[in-house]
Amino acid sequence: MWAKEELLAKMARIIDLAHEAGTKCEVLFMATKENNIRSALGEAHQAFDIEPMQFCLRLRRGNRYINVNLPGSSLREARRLIQQNAAALEYLEPTEYLPGLVSQPQRLPEVIYELQESPSQDFHDPEWKVRAFQKFQKINSGWETSGRFYTITTQTAVMNSLGLARYHTTSYCGISLTASKLRRGGQQRTAYAYQCGLSPQELDVGSVIAEVLERAARLDELPVVDFLRGKLSRESDAILSPYAVRTLIQEVLRLTFTGHLVENGESFLSGKRSGCRIANRRLTMTDDWKFPGVVRVPFDFEGRTRQRVPLIEQGHFGRPTFDSMAAKMAKRRSTGHSGGELGSGRPECVVIDGGAYTHDSLVAQSDQPTVVVSGLHYPTLTYEKKAVFSADTNHGTFLVEGGKWRGIIETPLRVRMKAFDAFKRIDGLTGAVPLFDDEDDGMEFPATYIVPSMRIRSAISFLHSAS
Amino acid sequence: MRTYTDMRNPDNILDHAVNRGALFADVRVEAGRSCYVMMDDGVLSIENDADQGIGTRVLATANGGRRMWGFSSVSSERRRELERMVRTALACARAGSVLRKSDIELAPRPTRGKGLITYATPLTIHPSTLSVEYLVELVRAWDDILRGTPYLISRSISLNWTASSELLAIAENHSLQKFFQNVCYIEVEGRVTVKRKGEVQTRSFRFGATGGFEFIHALNVTDHCKRIRSEVIQLLSAPECREENLTVILLPQFLGLITHEWGHGLEGDRPKQIGHEINYYGTSILGNPNILPRIGSFRAASPEVTILATATLPGGYGTAGFDHEGIVAKQEHPLILSGRWVGLMLSREMVPRLNQLIGRPYFVGSNGMTRAEAYDRIPLIRMSNTKTLPGTASTDELIASVRRGLIIDGPVYSWSMGFDRSSFSFGAEMAREIRNGKLGGVVRNVGIMGDTLGFWKSCAAMGREVEIYNEPNCGKGQPCQAVSTGHSTPPGLFHGVHIINRKNIHEGRNSHVG
């Protein structure tokens, strides 16, 4: 990563080069430093520390533009590449939807970052992670542990020909733990827990271990039940863990609340007016980068301040998120969600208001047969216009009935639901917890999901996934 | 394209690593360029990318610890940054070293002498020699065809190429080996989405190859644009598919992705007793402790099915001269041989681990399936290409053999796999009925699901008309690494496949297993 002043000087130099080539320009710089240890079945197998960085330029002349990405480490070829691409602009037809350059806001919300503790020098120190993994290794309950512990710092800056200059850093970390046990016959049971935060102080290794052991103990103690009873599929009430809710929301939001998809007719929300009912009144969901626990992204790729966007308010459709190009096409206003291209404006700081239930009280009040879904694996939308969602269950699936834990559903289950039918049937929410993007994230800002557990009444179909 | 002498000489980095205690060290220097020309709903955009950097991987121990991997990368070429990279990689290895119960051991790597081993993608027209004006002209002409689609709500067409240069140097056992390659990919992708009376249908294509622009010239993209424009309209008025068990013919662009997803189950780091991806991407049913020792004889598919792993497939996205452990690509490695499970995709590290679990020295060395997405990622076991051997029947003959069924074409619309790859669910864009050996009408919203081993055992025949399905975005690892893979695939005939309607989730509710 560059020192702030050195970075801004380099970006100013790029703008100068663009001006010399007869173009206006906006430049985005992104860099991350990521330190990881991964372990499998009780021993580390990867330890690494990586630092990618890149300059992303949009050269423009009138309404013509071309995107150019340069190595973040070296501007040796910048002049040649800028001149070469500036020359190519003449071949392009004007794009009426090209948004204007962003002026420097009078009030910069980045000041909020003074409130965030800067990462200490040893934020990426592997020793901190080693101590956590050594605690995992001491778990002696017949379960083997695998996991990942990562720390990430990011550096982002945007500058343009109008004099805009914004700079932002953040740090975040996460720890996940999977406990596994092989059974006779080769079946493997797994239990999972994850915790994330903006600073190391927000992580509690002991509570991650306690959570995964509690789930593992349930897998040890409960009998196996035959949920499907010879049938191919069965509709049931369900309690989704926060991990499962994250996976569901992440997949559904991407293809429903993106403004461009809403406007062109592909989204479930296309044609629906703001204020119409799309979910149970218990569901309020907001894209809010200032919410505590969110990895804060104060501006988008073009330097526009990110707005707080009400997505669903007490079950009513709020509004979608727009990148600037899609907004111009739809004669709307950008919500500050541009990822640099048409259709990139999607919610990334998602906050669902929690409810008064605890996970235990959701279980205790589940009289009817209810499937407790710990995790959802490999999500997909099988029909986007109706937001038909499908995924496999993983990390422990249980049956609850009469307010009691009845057993483990060992049959691999495939979940299918029309997501908004399910949202209309939410009848209980716990308090919400922060979770970053599904765990393959890294190298860029993660989306944050502040999500509760949800109980959903008879809107989810569970199929024998290997039928 | 870079030449070897353009790239920074890695000897000093390796010396620095060995002098500071690395028991093994490798360095990858990479430089890449790519160009994307896209028209998305009529908006033309062009992106030219350049990236470069250096990564190093070391094996080292801490006091009282075991041999462990450490990896670090930097974008900078400054000497002090490179030295810091080495120190960081060693620090990572030493930190992880105390968390290991056993040493990381590597299977031997065939030695190749001291000379530089080189490879370049065979090509005639390097896409970087073509003007942006020409590429824009092509894309605009294709977009004009898509734009004429009735009931259109969204369209996109893109043409992109990527050229990368890689220098790999390995210091091991007091010797140094260097490898250099230039690889070039080219791809075209088109999509139309239409809507009528609330029904939304999408039809698309994606074709690519390792090679030059001659691939695009030979493809006739114009015809594919016209084809999807016509097919998507047929889909709008087609009947919904019903949920039932049927015989299906899966065409290569559909079966290719199924093979790809099953291929993940054939990766050597997926067995449940190894668990490298248990924390996120999952495991493999073939790695069950009661199945793994039966490798060589375990029946995993019907006798019609033979699947090979190969990094030598012409045009395949996984085709290269060597993997990121310096294993030279030179042959095909059986994974499934006439239905028997016989192989896995391997790294040097996994060979001794797997032999221990299998209980005999089944594998003799890595088959060269270890790759990283870029210089800033640690190498993992990754698919290069799979090659499913064709049968003798033509597609018409396969159709003629079906009394009632479906023929399903790609690309796949949606896909999802079970955690241990034992089950799957794939949605199709396009399918047609087959009745009494003849092609019938189009049906829409077709999906298939089932158990993986049962599906492959239900294969009655492979056709002879092979296509390559190339997948540019195959994800694995934490953080995710996206690499390109290729799949040489014939059409396949499968009996008793469970058909679902991917739009209507309640159809067939509570139906009994047949």
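Helices (H or I, at least four residues) and strands (E, at least two) are DSSP runs, numbered from the N terminus. This is a predicted model, in which local features need pLDDT of at least 70, side-chain atom pairs count only at pLDDT 80 or more, and totals for chains, interfaces and linings use all residues. Residues are numbered from 1 along each chain as its sequence is written, chains are lettered from A and ligands numbered from 1 in the order in which they are written, and side-chain values use heavy atoms, with hydrogens and water left out.

**View 1. Two cis peptide bonds in chain B.** Pro479(B) sits in the loop between β20 (467–476) and β21 (481–489) of chain B. Its bond from Gln478(B) is cis, with omega about 0 degrees. The peptide bond from Gly410(B) to Pro411(B) is also cis, omega being near 0 degrees. Pro411(B) belongs to strand β15 (residues 404–417) of chain B.

**View 2. A positive phi at Gln314(A).** Gln314(A) is not a glycine, yet its phi is positive, at about 45 degrees. The residue is in the loop between β11 (309–313) and β12 (316–317) of chain A.

**View 3. The largest pocket.** The largest pocket holds about 620 Å³ of space. Of its 32 lining residues, Gln188(A), Glu410(A), Thr411(A), Pro412(A) and Asp420(B) are the closest to the centre. A pocket is an open set of points on a 1 Å grid over the protein atoms alone, with protein on both sides within 12 Å along at least five of seven lines; a cavity is a set where a 1.4 Å probe fits but cannot get out; lining residues have an atom within 4 Å of a point. Grid points are joined across faces, edges and corners, and a volume is the space filled by probe spheres set on the points. At least two lining residues each come from β7 (188–197), β15 (388–401) and β16 (404–409) of chain A and from α9 (452–457) of chain B. β15(A) gives the most, with six residues. The lining has nine nonpolar, 17 polar and six charged residues. Here Ala, Val, Leu, Ile, Met, Phe, Trp, Tyr, Cys and Pro count as nonpolar, Asp, Glu, Lys and Arg as charged, and the others, Gly among them, as polar.

**View 4. The second largest cavity.** Eight cavities of 30 Å³ or more turn up in a search of the whole structure. By class, the lining has six nonpolar, five polar and four charged residues.

**View 5. Packing of α1(A) on α2(A).** Helix α1 (residues 4–20) and helix α2 (residues 78–88) of chain A pack at about 40 degrees, their axes 9 Å apart. Axes are lines fitted to C-alpha atoms, for helices over the stretch in contact, and angles run from 0 to 180 degrees between N-to-C directions. The two helices, α1(A) and α2(A), are therefore oblique to each other. Angles under 35 degrees count as roughly parallel, over 145 as roughly antiparallel, 65 to 115 as roughly perpendicular and the rest as oblique. Arg13(A), Ile14(A), Leu17(A), Ala18(A) and Glu20(A) of α1(A) meet Ala78(A), Arg79(A) and Ile82(A) of α2(A), contact meaning heavy atoms within 4.5 Å. This contact has five nonpolar, no polar and three charged residues.
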